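Me: I am new to this structure and would like to learn how to read its helices. Could we take the features in turn?

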Amino acid sequence: LNLSGLIELSDAAAKSLSKLKGTGLSLVLCGLTELSDAAAESLSKLKGDLNLDGLTELSDAAAKHLGKHKGDLHLNGLTELSDAAAESLSKLKGNLNLDDLTELSDAAAKHLGKHEGLLALDGLKSLSDVAAESLAKHPNLSINLDNLPASAAQILRDAGHGE
């Protein structure tokens, strides 16, 4: 269901949308730039993929709810991610797309390195060697090594990523 033109979502509307059912269900809400914690809690219950690529911010509480989602989660609009949000999102049962993140703290990388499913971080431009070591353990990482510092890129390359 593509609702990408939607720019606001009430908590009640999010609750209604969370009840959608269907095989291969995908809910596209990439017009949203903000999401309340209550709406995030409701949307986390959706049985299907969730595209929130328009979000530019994500509270730790919203991330905690979305981390319980069972399906793919697209958050490509986020440019920053707190350590607490990374820890919550690492628990997601599905693919996690964070392609607009340009940097990741060591702690956030440690958490995301434990995520199961595809982890897309193609926009990273800044990554410490410690963070690269954590991400190197991820079994299904999508990352553009050309944008990273040479040492971090080499750590990931040696682990079989970015080929």
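Me: In which sense, right-handed or left-handed, does helix 6 pass helix 7?

Reply: Keep in mind that this is a predicted model. The crossing of helix 6 and helix 7 is right-handed.

Me: What is the angle between helix 6 and helix 7, and how far apart are their axes?

Reply: The packing angle is about 15 degrees, and the axes lie 9 Å apart. Angles under 35 degrees count as roughly parallel, and helix 6 and helix 7 are therefore described as roughly parallel to each other.

Me: Which residues make the contact between helix 6 and helix 7?

Reply: Helix 6 contributes Asp129, Ala132, Glu133, Leu135 and Ala136, while helix 7 contributes Ser151, Ala152, Ile155 and Leu156. By kind, the residues of this contact are six nonpolar, one polar and two charged.

Me: Which residues of helix 7 are buried?

Reply: A residue counts as buried when its relative accessible area is under 20%. In helix 7, which spans residues 150–158, that applies to Ala152, Ala153, Ile155 and Leu156. These four sit on the same side of helix 7 because they cover an arc of only 160 degrees around the axis.

Me: What is exposed on the other side of helix 7?

Reply: Ala150 and Asp158 are exposed there.

Me: What do the buried residues of helix 7 pack against?

Reply: Their partners are helix 6 (129–136) and strand 6 (141–142).

Me: What follows helix 7?

Reply: Glycine 160 follows helix 7, and its phi is positive, near 95 degrees.

Me: Which residues are buried in helix 6, and against what do they pack?

Reply: The buried residues in helix 6 include Ala131, Ala132, Ser134, Leu135 and Ala136. The buried residues of helix 6 pack against helix 5 (106–112), strand 5 (119–120), strand 6 and helix 7.

Me: Is histidine 65 buried or exposed?

Reply: Histidine 65 lies in helix 3, residues 60–66. With a relative accessible area of 18%, histidine 65 is buried. Not counting residues up to four places away in sequence, histidine 65 touches Asp37, Ala40, Glu41 and Ser44.

Terms used. Residues numbered from 1 in each chain as written. Predicted model: local features only at pLDDT ≥ 70, side-chain atom pairs only at ≥ 80, totals over all residues. Heavy atoms only, no water. Buried < 20%, exposed > 50% of the residue type's maximum accessible area, 1.4 Å probe, protein only. Helix = DSSP H or I, 4+ residues; strand = E, 2+ residues; numbered from the N terminus. Arc of directions from axis to C-beta. Contact = heavy atoms within 4.5 Å. Axes fitted to C-alpha atoms, helices over the stretch in contact; angles between N-to-C directions. Parallel < 35°, antiparallel > 145°, perpendicular 65-115°, else oblique. Left-handed = near helix turned anticlockwise from the far one by under 90°. Nonpolar A, V, L, I, M, F, W, Y, C, P; charged D, E, K, R; others polar.
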